[in-house]
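Visitor: I am new to this structure and would like to be walked through it. Please show it first.

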Amino acid sequence: MKILLVGGHQETRFLARSLKLKNYDVTVVNEDKAWCIMLADEYEVNAVCGDGTSPSILQNARTDQMDLVVALDHKDASNLLTCEISKKKFHVPKTIAVVTDLKNVPLFRELGVDRCISATNYLIEMIEQETITDRISRYLQIENGKVVIFEVEITEQSKVINQKLWNIGLPPQSIISCIIRGEQTIIPEKNTELKVNDKAIVLSVSGVMDKAMNVLTGDKVHQMHLSTTGTFTFL
Amino acid sequence: MKLFNSKKSDNVIIVGCGRFGAALASTGYNQNQNVTVIDIYTAAFKNLPESYHGFSIEGDGTDMNTLETAGILCADVLVAATDDDNANLMIAQIAKQHYNVNHVVARIYDDSKKVSCDQIGIEMVCPVLLSISEAQKVIFNTKEEKAV
């Protein structure tokens, strides 16, 4: 597979190294000539020095033969243009843009970039996961965060102990998909009851995640942290 | 192409307040258009003549929030006139494809970058091409005069 890395600095270096180790055919385009020479010497990649948003430079880098173009510049506008030229002029099958401004993720997709990677987004996700780990051990986003799966431990304070599942008042669009009781795993039915120290695996849309958690844990402390999860629904 | 037609358009947004952007803004304002200028630096607004009393907004023109503050939702014309070709192309595409602005003009120094402009209906102003055609006119005319 032939991969073109456009722009970027240290990240290009490490990406080039690990891609090269996996035997991909790597080409880099960078404006910094010394950096190009270093990359070419050190990692035996093909390097082209120049502006990665210029069609003639991309032509020199044989963009038309690439299977994948990754735009790593720190300016979102440049990455958009690199992907656009690769796609429309050189018919590259797949383009990936690194995006700084989170709002640009849906926009770039609308404008034809195949995939956007946002470091900010990952950072926010990690911070959120850290913030809420005191009550939920793990949570997993599906479909870019529209749906979440999370694990809640039923403690003694919980008001749902020994109640039947149909009776505990989980919000609509959320279900307990599995209960882990010691070594046992239970796929619940409506008459299943929750016990202390059960772990409930809940599947819900992200909007009702905090509500569902409040029902199961019996407190409202975590509402604040989780309200930000709503921002992911549009991604 | 007539940017400021006699019918009063809803909103004219000009991104980038350099010589070009500022002059365009003041022309539009003098023709009673509802003009808003955006620039990332407040200092750029000193390029506007004192007679200009339209809106000016400090902000990043590639940021959709800034564009919405400037009223892109009811804008009829947007001119991307920053000093960065890539930014101009991005702004123009946002305006055309995301907000469906009627007339979108992008000033682009390097015309090889205009891959998708024609397809999606962004009009392009390229100073180099304009200069060449003007210069050619001058050269052609002087030759003709000599011949006479």
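Visitor: In what order do the strands of the open sheet of chain B lie?
Guide: This is a predicted model. The open sheet in chain B has 6 strands, and their pairing is parallel. From one strand to the next the twist averages 15 degrees. The order is β3-β2-β1-β4-β5-β6.

Visitor: Which strands of that sheet in chain B stand at the edges?
Guide: An edge strand here has a single partner strand, so one side of it is left without a neighbour in the sheet. In chain B this applies to β3 (55-58) and β6 (123-125).

Visitor: Which residue of β5(B) is the bridge partner of B:Leu78?
Guide: Strand β4 (residues 77-80) of chain B runs parallel to strand β5 (residues 103-107) of chain B, and 4 bridges join the two. The partner of B:Leu78 in β5(B) is B:Val104.

Visitor: What angle does the direction of α3(B) make with that of β5(B)?
Guide: Helix α1 (residues 19-30) of chain B packs on the sheet, and its direction makes about 165 degrees with that of β2(B). α3(B) also packs on the sheet, touching β1, β4 and β5 of chain B. Its direction and that of β5(B) make an angle of about 175 degrees.

Visitor: How are α4(A) and α3(B) oriented to each other?
Guide: The axes of helix α4 (residues 76-88) of chain A and helix α3 (residues 85-98) of chain B come within 8 Å and cross at roughly 75 degrees. Angles of 65 to 115 degrees count as roughly perpendicular. That makes α4(A) and α3(B) roughly perpendicular.

Visitor: Which residues of α3(B) make the contact with α4(A)?
Guide: The residues of this contact divide into 6 nonpolar, 2 polar and no charged. α4(A) contributes A:Ala77, A:Ser78, A:Leu80 and A:Leu81. From α3(B) come B:Asn86, B:Ala87, B:Leu89 and B:Met90.

Visitor: Which element supplies the largest share of the side of chain A that touches chain B?
Guide: In total, 19 residues of chain A are in contact with 17 residues of chain B. On the chain A side, α3 (55-60), α4 and α5 (104-110) each supply at least two residues. That side divides into 7 nonpolar, 4 polar and 8 charged residues. The largest share, 8 residues, comes from α4(A).

Visitor: How many residues of strand β2 of chain A are buried?
Guide: Chain A has 8 helices and 11 strands, and buried residues make up 35% of its 235 residues. Strand β2 (residues 25-30) of chain A is joined by 5 bridges to strand β1 (residues 2-6) of chain A, and the two run parallel. β2(A) is mostly covered, and its buried residues number 5 of 6.

Visitor: What is the phi of A:Glu44?
Guide: Most residues other than glycine have a negative phi. A:Glu44 lies in the loop between α2 (33-43) and β3 (46-49) of chain A. Its phi is positive although it is not a glycine, at a value near 55 degrees.

How values were computed. Residues numbered from 1 in each chain as written. Chains lettered and ligands numbered in written order. Predicted model: local features only at pLDDT ≥ 70, side-chain atom pairs only at ≥ 80, totals over all residues. Axes fitted to C-alpha atoms, helices over the stretch in contact; angles between N-to-C directions. Parallel < 35°, antiparallel > 145°, perpendicular 65-115°, else oblique. Contact = placed C-beta atoms within 7 Å. Nonpolar A, V, L, I, M, F, W, Y, C, P; charged D, E, K, R; others polar. Buried ≥ 20, exposed ≤ 12 C-beta atoms within 10 Å, placed from the backbone. Pairing = 2+ DSSP bridges.
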